[in-house]
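Open the model in your viewer and keep the sequence panel beside it. Each stop below says what to select and what is there.

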Amino acid sequence: MVRKPSPDSPGHTDRFKIKGLVVVAVFFLVWALPVPGGLSDQAWLQLSLFLATIVGLILCPIPMGGVVLIGLTVSVLSGAVPYREALTGFANGTIWLIVVAFLLARAFIITGLGKRIAFHLIRRFGSHTLGLTYSIAAADLILAPATPSNTARAGGILYPIVRALALSFDSTPERSPRRIGAYLIKTQYQCNLVTSAMFMTSMAANPLAVEFASKVAGVEISWGTWALAGLLPGIVSLAVIPLFLYRIYPPEIKRTPQASELARRELQKMGKLKRGEKILLLVFCATLTLWATSQLHGINTTTVAFSSLSLLLATRVMSWNDVLGEKGAWDALVWFGGLVMMAGRLNDLGVIGYFAGKMTSLVGGMPWMAALIVLVLIYIYAHYGLASQTAHVTAMYPAFLATAVAAGAPPYLAALLFGFFSNLNASLTHYAAGPAVVYFGSGYVEMNSWWRLGLLVSLINTAIWFGIGFPYWKFLGLW
């Protein structure tokens, strides 16, 4: 076992100092540049602090919540942001939606319902390797709407199952990764990115994109609109990717009766559906129904989420200690609230519009669809240089959306397309997203294979979401 360095160890301290110095250096380097014409000194100061915060999110000298809190505090102390505006992000309804969704996701782990769903699908469809991967992807799809941390969903619920399945076939990273483990690991990671793209509440930064769409383009995207727009291309991607990887990165084992047997044994250990699981299942179904039909009944999606959490607390499926113990939710509240405020302040000061105007020259004269496609492709492959989906959305989504809209792209279409590819772009590298660290870290897939397959999957997803998506979104009236 490799022991992690202590926070007080010399190596850890040195890395902290270096990363911290890089963040500070970014701020002073940007701030020292001449202020472009058309921007105020205050706007340039806020941009310098914002870019330093983004670099901090990428390097993580301290956890993300701490990085954003420092950036927020310095923004107020420097006069870039008035005190009364500094806290507005924490009162944002979209931010609280994702916080409560984190808490609902915890209920799936506490009750074991997430694993039960996965094992039921594996028992039913897991007798063939391809069917096994489809069953895991189906479990991911079912859990995705209520698990905004795709790292928790992929790593906390599904990864232990995938790893156990690989080991049951004597497929280990050291001796026999290609027996079945490498295929399962790579396929499940890529499918997780697709399910993350399909729902507003299936990846932590998706609501951030929704909030930016509202501030930058005046677009109000509901939960149901996002889900409906992502449904068809998402299902096609989930159908194609496992088959594609099965052909070009095939497992040695084709039939997997042991998987069904493993699932049967695990379900026997779990016993009958418990009271908490039954209640959670009913609440989960009701929540999805109300989210999907919010335009009919008029109940805000955040209100629905709070109602669902209240029911779980009232029926003691979750305790208040469970709520307090979900660190991811409260961490998200801090860094989401701070980032929304900082990005909104940049928009108010005209920074987003300024850079969008500069970027428009790149696509000037193009038809809006060609301009949108070019911008999305740049947006996708820029992720080679980023190690965080949240940092990518924060740094690039507002400016790219503003540029696309300025080029004539329909606002709803552009906002959703950049939102979808804020997830799908993580297919590229082994550091592209939280789940990548978990799955690549298993040791089953070599780095060159991870990058090669990731690039090919990104091309397939792009072809599917453009080729099928545009006609489908035309049918839905998004353009």
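Predicted model: local features only at pLDDT ≥ 70, side-chain atom pairs only at ≥ 80, totals over all residues.

**Stop 1: around Arg 265**

The side chains of Glu 261 and Arg 265 form a salt bridge, with 3.8 Å from N to O. Both residues belong to helix α12 (residues 257-270), where they sit 4 residues apart, about one turn of the helix. Glu 261 is partly exposed too, at a relative accessible area of 29%.

**Stop 2: the whole chain**

You will see 24 helices and 0 strands. The radius of gyration is 22 Å, close to the 23 Å that the globule rule gives for 479 residues, so the chain is as compact as a globular protein of that length. Along its principal axes, the C-alpha trace spans about 70 × 60 × 50 Å. Of the 479 residues, 55% are buried. The chain exposes about 19,600 Å², and carbon and sulfur atoms supply 66% of that area. Among contacts between residues at least 6 apart in sequence, 79% join residues at least 24 apart.

**Stop 3: confidence**

Color the chain by pLDDT. The average is 88, and 97% of the residues score at least 70. Then select residues 1-5, where pLDDT stays under 50. For residues 1-5 the model has 2 contacts beyond four places in sequence.

**Stop 4**

How many salt bridges does the count come to? The count comes to 9. Select Arg 345 and Glu 85, whose side chains meet in one of them, at 3.3 Å from N to O. Arg 345 lies in helix α17 (residues 327-348) and Glu 85 in helix α4 (residues 83-86), so this pair ties together parts that are 260 residues apart in sequence. Arg 345 counts as buried, at 9% relative accessibility, whereas Glu 85 counts as partly exposed, at 31%.

Next select Arg 116 and Glu 277. Their side chains also meet in a salt bridge, at 2.6 Å from N to O. Arg 116 is in helix α6 (residues 113-125) and Glu 277 in helix α13 (residues 275-292); the pair links distant parts of the chain, 161 residues apart. Both Arg 116 and Glu 277 are buried.

**Stop 4: Thr 301**

Which residues does Thr 301 contact, leaving aside its neighbours within four places in sequence? Select Thr 301 and show the side chains around it: the contacts are Leu 97, Trp 223, Trp 291 and Ser 294. Thr 301 lies in helix α15 (residues 301-314). Thr 301 is buried because its relative accessible area is 14%, and buried means under 20%.

**Stop 5: a nonpolar patch**

Finish with Val 24, Phe 28 and Trp 31, and show the surface again. Together these residues form a nonpolar patch on the surface with about 310 Å² of accessible area. Trp 31 is found in helix α1 (residues 10-32). Trp 31 is partly exposed, with a relative accessible area of 44%.

Notes:
Residues numbered from 1 in each chain as written. Heavy atoms only, no water. Patch = residues over 30% accessible without salt bridge, like charges linked within 9 Å, V, L, I, M, F, W, Y side chains within 5 Å. Areas by Shrake-Rupley, 256 points an atom, 1.4 Å probe, with all protein chains shown as cover. Salt bridge = Lys/Arg side-chain N within 4 Å of Asp/Glu carboxyl O. Helix = DSSP H or I, 4+ residues; strand = E, 2+ residues; numbered from the N terminus. Buried < 20%, exposed > 50% of the residue type's maximum accessible area, 1.4 Å probe, protein only. pLDDT = per-residue confidence, 0-100. Contact = heavy atoms within 4.5 Å. Rg over C-alpha atoms; globule rule 2.2 N^0.38 Å.
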